[in-house]
Amino acid sequence: MRRMRQTRGPATFVLCGIAGLVLSACDQRNERVDRARSAVEGAVEQILGQTPPPAPIELVPVEDRAFAGAEMQDPVITTADLPPARFVVGSIIAKPKDLPPLPSPEDALLMQAPEVADELAIDTEEADIPQRSLPLVPDENAIDLTDQGLSRSYSNRLERAVIEDGQSELRSLQKKLEQRRAEIEERVGGLPDISLSEDALPKARIKLAKRALPLPGTADRQVTARAYMLDVMDDFGLSGQVSLDRTGQMVMQIGDDGADPTQFVEGSETPADINSQIMVDRKIDCPDRPNMAEVRMDKALATECVVKTLRASGEFEYVEKDFVFEHQFVRRPPETPVPTVVAPNDPLWTLQWHFRNNGDGATETAGGASFEDFWTRQGTQGSPDVVVAVVDTGLDLDHPDIMGSVNVMPGWDMVSDPRMGNDGDGRDPDPDDPGDLCDPNDPFAEDSFHGTHVAGTIGANVSNNRSGVAGGAWQVGVVPVRALGKCGGRLTDINDAIRWAGGLVPSFDAQGNEIWNENPADIINLSIGLFEFCPASLQDAINAVTERGVVVVSAAGNARVPTEFYAPGGCQNVLTVAAGDARGVITPYSNYGTEVDILAPGGDLTRDDNGDGRPDGVLSTKRAQGCADPVTGEAVESCNYAFEQGTSMAAPHVSAALALIKSKDPDLIGTDLSDKLLASVDPREALQCAGRCDVYQGFPEIPNQPGQCARPCGQGLLNLANLEFSGDDTSDE
């Protein structure tokens, strides 16, 4: 991992995680109550350390066991289909030079409350923190299961109360929580005692103080830069607008109609055909003496000329086009054979080889990441105090294994263009994934629900509830941040999504009010990719959060090229993840190179190395078509789970692993957290990270292995069984 500066202090808030235990005000939702009751039972069993035996798969309802992707794929190894970079014509990202540095978390805390004592360990009885007008206690009659869990909601409000009102509001909410606890006890029996640590109160303050406050110098420089940018557009005879945020980033939109990202073309002889569309980046150069009439007619050329002019001014730290990122599923061939289904006797957990213990035993897999070992040996399946943000296509909030999950925390839709958003509006507090189908005329295209698959691998779904699949961290908090929509995600939206997820900038509601992420991420998962060197603005956004101790996990990419040519996997200050198969060998599609930090299960749908009769994909939550019932072998039109493959699948395994480590040792942040993980990997031999020299060129041939060349795939394979913590009893090992 490229190093990060460690500036963030511990951010743990000690509140017993009674996630998923509230069922009040939901009697009118009969169907959801049954699902939520199952979630409650699973959560209680997790808290009490009880793990029920898995239900026989034939007794599980079809909707909880059918899945897609059961067919084996034919191997395809070629470098002829490298994905071209695309950008939104008319959209430009820039940042002025010489901006003042953002305040440290400690300074930010004092700037928000200058009257607070100079020591961070603030006495909550004496703290005089300015109040914000926020409703601390919700209207009970307005709450149902879609609120994503009242125990989580009250936990957030307890933190907020510490910041705003001190002990009096804390006591009020504590009393409210105890009342809820009494109601729960009547329903499900006794629960562990709920307690709050007074030592955790200052830590909660610090975590929410990691917000980048605007500085006068930043605003002054942006005003000057904005005037210059508008002058440049005027010089070319163009119109448009420039927006800016408090971190210094500025976005120029050429044209009054904006850019239409819902269609794109590979090329066109008619400039009018490509106006207001996503284009493949063909590296067109603006002439030194451009024809102004041509510039005004061709928005793509106008984009290049404005970028060139702004860069030449020397006034900007960076100026770049608004590239479009894609998710990192490995796309399947357009025609697939009819699934041949073998009926197993076990629930879907037995098909999740990627979480199983690493080894060659009957229930082990050579490429498994040993989550099962960690859950058992370390005695934890995660903590609700640890937050993972998933910057992706959003989350299917109506998925039957997610809508009752208290692991899902309030998220945000960061897709700014309604045409790209596919939900009829722009940015708003609804991170639900309405689908991202780009071209409805393509008979083989479909909505990916990519973010739901990724988040399910991390643990957004209800695990251990006798249906469906399990996630890697059963009790982790997941914040869905939607940044990819139809045809991909704009760089501008992704940059803002990263900063919002880290708690550094607000978004805004329809009334223009600031909306902050009240659950700043400890880990941010980026299962996205762009076949370009790391854009400067993306690196700037990553640096902003990693400087405050957030770990950014990135997919390496699926283009079978060195990761240095891919973003964000090739960016600095990210933990880059290549994809391995069930043997613990790098997959043919995975990117590789010195930028890769770790190998983790990504799946290979062309193989069945664990011999379970299924392709070795990663099984997770996702609405899909063309499914099969594993018990009867009959076709099912739609289902809620699917096998997928890609570095997109590898990255969330690492994010979930980091969340488990932080649950065990809450004080670990930044490089200390990622180094703890990297120190536990299983080293790979040369042949485990090899490939055909005629396909993967530029690397040395392995001795005594003709035609096989090494492909660097990180420090080793993710294996949680190797992790040790102080106080571990290793006498039996």
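## A left-handed link

With a torsion of -70° about the S-S bond, the link between cysteine 627 and cysteine 639 is left-handed. The two cysteines sit 12 residues apart, cysteine 627 in strand 18 (residues 618-628) and cysteine 639 in strand 19 (residues 635-644). Helices (H or I, at least four residues) and strands (E, at least two) are DSSP runs, numbered from the N terminus. The sulfur atoms of this disulfide are 2.1 Å apart, and both cysteines are buried. Buried means under 20% relative accessible area, exposed means over 50%, and partly exposed is in between (1.4 Å probe, protein chains only).

## What we're looking at

This is a predicted model, where local features need pLDDT of at least 70, side-chain atom pairs count only at pLDDT 80 or more, and totals for chains, interfaces and linings use all residues. Residues are numbered from 1 along each chain as its sequence is written, and side-chain values use heavy atoms, with hydrogens and water left out.

## Counting the disulfides

Call two cysteine sulfur atoms within 2.5 Å a disulfide, and you get 6 of them. Number the bonded cysteines in sequence order and the pairing reads 1-2, 3-4, 5-6, 7-8, 9-12, 10-11.

## A right-handed link

Cysteine 534 and cysteine 571 also form a disulfide, with their sulfur atoms 2.0 Å apart. The torsion about their S-S bond is about 95°, so this disulfide is right-handed. Cysteine 534 is partly exposed at 23% relative accessibility, while cysteine 571 is buried at 0%.

## One more pair

Cysteine 689 is joined to cysteine 713, S to S 1.6 Å. Both of these cysteines are buried.
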